[in-house]
Amino acid sequence: MKILFVHQNFPAQFKHLAPALAARGHDVVALTAESNQQQSPIRTYRYPMPDPAPKPGQARLATTYMAMTDRAHRVGRAAAQLRDKLGFVPDVIFGHSGWGETLFLAEIFPQARLLVYAEFYYGTTGLDVGFDPEFSSADPFAGFGVIARQSHLALSMVQADAALAPTEWQADTFPPELRAKITITHDGVDTDLLVPNPAAQFTLPNGRSLRAGDEVLTYVTRNIEPYRGSHIFIRALPQILAARPGAQVVIIGGDGVSYGMAPPQGTWKDRFLSEIAGAPGLERVHFLGRVPYRDFVTLVQISRAHAYLTIPFVLSWSLLESMAMGAHVIASRTAPVEEVVVDGVNGQLVDFFDIDAWSDALIAALGNPARFAARRAAARKTIVENYDLKRLCLPRLIRFTEG
């Protein structure tokens with residue numbers, strides 16, 4: 001078959017699937033944004049970036065829809081060039097619904113089977129909006145904007161022949177009428193690559209060497225921001241540093257914003273750090289920014305305790321990857337996490353907002369690692385048995401795509 005993948009940051013969720021389909025003899029092509037610098041063995045074409053999104057005052061509640069349809073227009077024109085200039089007419093199109101890229105592709109390729117990656121559906125209750133009062137809008141009509149943001153997601157799903165979501169919880173964010181189209185299969189975790197490594201070692205920027213078995217606390221996020229509980233973790237640090245004078249805290253994450261609102265000024269990291277300025281032991285907290293993937297792997301293999309927090313939102317790959325490496329995970333008791341982490345079995349769950357409980361749990365994890373060996377083993381077992389890339393997830397993804 002001829003298969004077209006569409007994702008503004010390809011390969012993204014299709015990193016393993018697209019090459020696997022090509023290896024099976026399919027003619028696989030990708031269409032991505034011209035700004036995307038990701039590398040892939042798949043033949044890739046780029047569509048021009050859309051114009052800047054309109055100002056909210058101009059488009060009002062249609063701001064997101066205008067931005068997404070503008071992108072979809074660029075994608076549609078690029079797809080037409082694939083058809084008219086290169087003769088590429090796909091049998092299957094698989095795209096991510098989040099950026100509206102698939103909206104007009106059925107007009108270009110009406111005979112193609114259209115699949116969408118259904119990662120998340122915005123809602124006014126029970127999800128990310130309004131979960132954390134500290135960062136919630138006081139506008140009594142803020143929900144209007146949330147509902148307006150559903151428009152391109154709903155339209156993408158209506159047009160799709162079938163959809164895929166990585167977790168049950170994420171699939172259940174969609175309304176029942178759309179949920180019926182969704183198959184649940186995670187992108188997969190390479191449990192052959194991501195393994196415990198008692199010989200792991202890493203040198204910090206200050207020259208200090210860390211090794212597996214050292215008293216190391218890790219926290220990983222794409223960007224240091226409220227959606228991933230960075231404020232909670234940072235506020236727990238003074239108690240942890242005071243109780244564990246030998247602990248080293250390693251934080252991976254950029255200074256930008258991936259989700260939610262930007263801070264009024266500066267960065268979220270600077271804002272949260274200003275709250276604990278002067279706390280003893282802060283010199284033992286190491287902010288590494290964004291690091292190469294191999295460094296993330298090594299640091300988690302070294303970690304004695306790994307903190308993971310998220311509001312009710314998409315589940316991070318890093319959680320499952322850390323569990324595959326046998327990390328002792330202390331995670332937030334929020335719905336997406338509870339699908340994977342069972343308290344006291346393969347990790348520990350802590351109320352998202354309870355800073356004292358976070359400090360206590362992380363102090364205990366750092367102080368007596370042998371006590372939690374069974375949890376580490378159970379964490380890896382969970383990923384091997386339910387999320388293994390090569391043996392479970394990838395075969396299912398191939399079957400889903402091939403139909």
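Modeller: Here is a short talk through the domains, the contact between them and a few local features.

Modeller: This is a predicted model, where local features need pLDDT of at least 70 and side-chain atom pairs count only at pLDDT 80 or more, while totals for chains, interfaces and linings use all residues. Residues are numbered from 1 along each chain as its sequence is written, and side-chain values use heavy atoms, leaving out hydrogens and water.

Biologist: What makes domain 1 and domain 2, and where are they in the chain?

Modeller: Domain 1 covers 2–188 + 389–402, and domain 2 covers 201–387. Such bounds come from an automatic or database domain assignment. The C-alpha centres of the two domains lie 29 Å apart.

Biologist: How many residues does each domain give to the contact?

Modeller: Domain 1 gives 23 residues and domain 2 gives 25 residues, with contact meaning heavy atoms within 4.5 Å.

Biologist: What is the area buried between domain 1 and domain 2?

Modeller: About 1900 Å² is buried there, and carbon and sulfur atoms give 67% of it. Buried area is the accessible area (1.4 Å probe) that two parts lose on being put together, summed over both. Phe131, Phe135 and Trp169 supply 36% of the area that domain 1 buries against domain 2, more than any other three residues.

Biologist: Why is the pair of Arg235 and Glu134 called a salt bridge?

Modeller: The term asks for a side-chain nitrogen of Lys or Arg within 4 Å of a carboxyl oxygen of Asp or Glu. The closest N and O atoms of Arg235 and Glu134 are 2.7 Å apart, so the pair is a salt bridge. Between domain 1 and domain 2 the count is one salt bridge.

Biologist: Which elements give two or more residues to the side of domain 1 that touches domain 2?

Modeller: They are helix 7 (168–171) and helix 16 (389–402). Helix 16 gives the most, with four residues. Helices (H or I, at least four residues) and strands (E, at least two) are DSSP runs, numbered from the N terminus.

Biologist: What does the salt bridge between Lys2 and Asp27 tie together?

Modeller: Its closest N and O atoms are 3.2 Å apart. Lys2 lies in strand 1 (residues 2–6) and Asp27 in strand 2 (residues 27–33), so the pair ties together parts that are 25 residues apart in sequence. The structure holds 17 salt bridges.
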